[in-house]
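Trainee: Hey, I've got a new structure to look at. Can you walk me through it?
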Amino acid sequence: MASHHFICFLAIVSLTITLSESKACHPNDLKGLTDFKAAIHSDSSGRLKNWIGQDCCNWAGISCNSETGRVVEINLPGYYDAGDDFAPYFVSNTMSGSISPSITLLTSLESIDLSRLIGLTGQIPSSIGVLKNLKKLTLQNNQLSGALPESISNLTSLEFLNLENNLLTGSIPENIGNLQVLQELYLSNNSLTGKIPFSITKLHSISGLFLAQNQLVGEIPLPLNPGQWSTLQHLRLENNRLTGIIPSSVGYLTSLLRFSVANNQLTGPIPSTLGNLKYLQQLMVNNNQLSVVLPNSVCGLSELSVMFVSHNKILGSLPDCFSSFKHLREVDVPFKRLN
């Protein structure tokens, strides 16, 4: 009987060891996260101080695939829900430090959220493009600097990319159009230079394109054929150094809700094809060098709530149809018949 108990004891110990071993991080994931923690000098939330042991799937902000055990999510935003379904409460915290290049060892990652931490500095790892499964990359509201890595164009599973409100410089990667399933692109409030690559028109799934408040130059790249940006709702290009005309192909963007090219150096007329944008709610073309004669086709923009066209070469008068626009609440058009 004693030997029987001893055998059962050994079986339990063996099972315990097996279960313990099954909880251990994949070596690459463990090194990637350990190096990430080492590159962070302070964390006001205290989440990282509990990253101890080898069971990384139970660490704060880390999620793993239940079948493979690989890390699929790093969720450490600076503004987050620290409560539960019954008593949610939101807290704000900061981290200072940099993003370790070892983060790219976590090759099963699908989501990275390090947004609004304020104190993150340094560059986005140049090898970021090896994360082929990445669907969401959120790094906005930090102090990241340097160029956008060319390898970002290799993230062909990416659906959401937010890098706005940083200190990024250099140009937008020439092959940004490779991100065929990208739905939202936020690069506003950086110091990006150069032209907007024409390949950006290949983003067939895009619904929001935010490139405002940079130092971008050249012409506005718009699709040459209808249907290429059929889902685009927000096009924000204001506060750059763009030149040339507003292309007539803007009329292809029939899902557009907001169109802003204010504070650039655009010339020429407002194209009559703008009238095709039946759902347009905000039109902002102010502070350019446009020869502004509002075409009669704008009478079809009955959903307009905001229209800014001042500080251009104003010609003609405001069409009578504007008096019947039910939603128009903000207008800065200095036409003779503004009233």
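This is a predicted model: local features need pLDDT of at least 70, side-chain atom pairs count only at pLDDT 80 or more; totals for chains, interfaces and linings use all residues.

Trainee: OK, so where is Asp-43 placed?
Mentor: Asp-43 sits in strand E1, which covers residues 40-43.

Trainee: And what's the nearest side chain of opposite charge to Asp-43?
Mentor: That's Arg-47, 4.7 Å away. A salt bridge needs the atoms within 4 Å, and Asp-43 has no salt bridge even though it is buried.

Trainee: What does the side chain of Asp-43 make a polar contact with, then?
Mentor: The side chain of Asn-93, at 3.4 Å. A polar atom of the Asp-43 side chain also lies 3.0 Å from the backbone nitrogen of Leu-48. Beyond four places in sequence, the residues in contact with Asp-43 include Thr-94 and Met-95.

Trainee: New topic: how many aromatic pairs are there?
Mentor: The count is four. In one of them, Phe-36 and Trp-51, the ring centres are 6.1 Å apart and the planes are at 35°, so that pair is tilted.

Trainee: Which parts does that pair tie together?
Mentor: Phe-36 is in helix H2 and Trp-51 is in the loop between E1 and strand E2, so the pair joins parts 15 residues apart in sequence. Both Phe-36 and Trp-51 are buried. Together with Trp-59, they form one aromatic cluster.

Trainee: Last one: what's the mean pLDDT?
Mentor: The protein's mean is 89, with 88% of residues at 70 or more. Over residues 5-22, though, pLDDT stays under 50.

How values were computed
Residues are numbered from 1 along each chain as its sequence is written. Side-chain values use heavy atoms; hydrogens and water are left out. Helices (H or I, at least four residues) and strands (E, at least two) are DSSP runs, numbered from the N terminus. Buried means under 20% relative accessible area, exposed over 50%, partly exposed in between (1.4 Å probe, protein chains only). Lys and Arg count as positive and Asp and Glu as negative; His and the chain ends are not counted. A polar contact is a pair of N or O atoms within 3.5 Å; within protein, one must be able to donate a hydrogen and the other to accept it, and residues adjacent in sequence count only if both atoms are side-chain atoms. Contact means heavy atoms within 4.5 Å. pLDDT is the predictor's confidence in each residue, from 0 to 100. Rings of Phe, Tyr and Trp (its six-membered ring) pair if their centres lie within 6.5 Å; planes under 30 degrees apart count as stacked, over 60 as edge-to-face and the rest as tilted.
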